[in-house]
Amino acid sequence: MSIILHIDSSVRAAKNPNPDHDSISKNIARRFIDSWKRNRPEDEYIYRDVGVNPPDFITQDWIGAVFTPEEKRTPAQRERLALSDKLIAEVAKADVILISSPMYNYGMPAQLKAWFDQIVRIDKTFDFDLSRGDYPLQPLLSGKTLIVVTSSGEFGFEKGGIREQSGHLAPHLRTLSKYLGADTMYEIAAEYQEFGDERHHASVTNAKKQAESIALELSDSKPAPSFNREIGHV
Ligand SMILES: Cc1cc2nc3c(=O)[nH]c(=O)nc-3n(C[C@H](O)[C@H](O)[C@H](O)COP(=O)(O)O)c2cc1C
């Protein structure tokens, strides 16, 4: 059995009374999950919609609690870190992580950033050692597959594209992927939403096809038991 963690982050619902308002990224991610579940209904599935239920922003107290040795934390500090502990445990146990994200102001939504801020945490998802020289941070998790689904109103954010310099969403997710323990990353992008033309329809259709084929490929090839899960640090 594998464990899939699915994080959606658009503030829009997947289904609305007016379908023009449906979240594109959520519906592409849903296509991935539906295909996966058809192939492997026995797998554990964990779902969070951080767009609709955003995690708390971190605070100075939160940082204080993180840097207090575990055995010295007060009950209030433990409580302060409870959500972070829970979110990290979900990441740590997952074999496959699916993140869907709209592009807001050329990057990820604040809600998804809030989720990452709760997860990327010292001695949980990375450790820090100055003896490593210029690269003191080292991720602690590994062996996971990450699938990222993005949707944008404009287009051309890819390498060589007309808006490459403004595309901060996928590059940011690539940078953060190692703190989730992702060794392999797939990217699916739907574009042109603001144009609403044939290019948009083709882009969404293609993204859904990609989601389906990646789900089928991965769900066929995943070994039954979870592999290489480093839960010792959580
Ligand atoms: C607050 C906000 C900011 C946005 N900023 C951008 C942007 O910087 N670049 C872009 O290409 N599209 C932008 N868009 C368009 C969205 O990326 C597009 O509508 C996308 O489909 C939203 O994802 P969703 O359909 O899953 O909700 C923005 C939309 C909103 C609501």
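This report describes a predicted model of one chain, moving from its overall build to the surroundings of single residues.

## Basis of the description

Residues are numbered from 1 along each chain, in the order in which its sequence is written. Because the model is predicted, local features need pLDDT of at least 70 and side-chain atom pairs count only at pLDDT 80 or more, while totals for chains, interfaces and linings use all residues.

## Overall build

The chain holds 7 helices and 7 strands, where helices (H or I, at least four residues) and strands (E, at least two) are DSSP runs numbered from the N terminus. Followed along the sequence, these elements give the pattern β-α-β-α-α-α-β-α-β-β-β-α-β-α. The radius of gyration is 18 Å, close to the 17 Å that the globule rule gives for 234 residues, so the chain is as compact as a globular protein of that length; the radius is taken over C-alpha atoms, and the rule is 2.2 Å times the number of residues to the power 0.38. Along its principal axes, the C-alpha trace spans about 60 × 40 × 40 Å.

Of the 234 residues, 37% count as buried, a term used when 20 or more other C-beta atoms lie within 10 Å of a residue's own, with exposed meaning 12 or fewer, partly exposed in between, and C-beta atoms placed from the backbone. Among contacts between residues at least 6 apart in sequence, 75% join residues at least 24 apart; two residues are in contact if their C-beta atoms, placed from the backbone, lie within 7 Å.

## The annotated domain

An unreviewed UniProt entry places the feature "domain: Flavodoxin-like fold" at residues 18–213. UniProt positions are given here in the numbering of this chain, feature names are shortened, and annotations may be inferred rather than shown by experiment. Over residues 18–213 the chain is 39% helix and 18% strand, and the end C-alpha atoms are 29 Å apart.

## The annotated binding site and the ligand shell

For "binding site", the unreviewed UniProt entry lists Ser 10, Ser 23, Ile 24 and Ser 25. These residues span 16 residues in sequence, yet no two of their C-alpha atoms are more than 8.7 Å apart, so they gather at one spot. Ser 23 lies in the loop between strand 1 (3–8) and helix 1 (24–39), and counts as buried because it has 24 C-beta neighbours inside 10 Å. Leaving aside neighbours within four places in sequence, Ser 23 is in contact with Ser 10, Arg 12, Ala 13 and Ala 14. Ser 25 lies in helix 1 and is also buried, with 29 other C-beta atoms within 10 Å; beyond four places in sequence, the residues it touches include Ser 10, Pro 102 and Thr 150.

Of the 16 residues around the ligand, Ser 10, Ser 25, Pro 102, Gly 153 and Glu 154 come nearest, a residue being near when its C-beta atom, placed from the backbone, lies within 6 Å of the molecule. Helix 1 supplies the largest share of this shell, 3 residues. By class, the shell has 5 nonpolar, 8 polar and 3 charged residues, where Ala, Val, Leu, Ile, Met, Phe, Trp, Tyr, Cys and Pro count as nonpolar, Asp, Glu, Lys and Arg as charged, and the others, Gly among them, as polar.

Leu 216 lies in helix 7 (residues 198–221) and is partly exposed, with 15 other C-beta atoms within 10 Å. The C-alpha atoms of Leu 216 and Ile 28 are 188 residues apart along the chain and separated by 14 Å.

## Residues in loops

Pro 55, in the loop between strand 2 (44–49) and helix 2 (60–66), counts as buried with 20 C-beta neighbours inside 10 Å. Pro 55 and Leu 87 are 32 residues apart in sequence and 9.3 Å apart in space, C-alpha to C-alpha.

Tyr 106 has a phi near 70°, a positive value in a residue other than glycine, and lies in the loop between strand 3 (96–102) and helix 5 (110–119). Phi of Tyr 192 is likewise near 70°, and Tyr 192 is placed in the loop between strand 7 (182–190) and helix 7. With 15 C-beta neighbours inside 10 Å, Tyr 106 counts as partly exposed, whereas Tyr 192, with 20, counts as buried.
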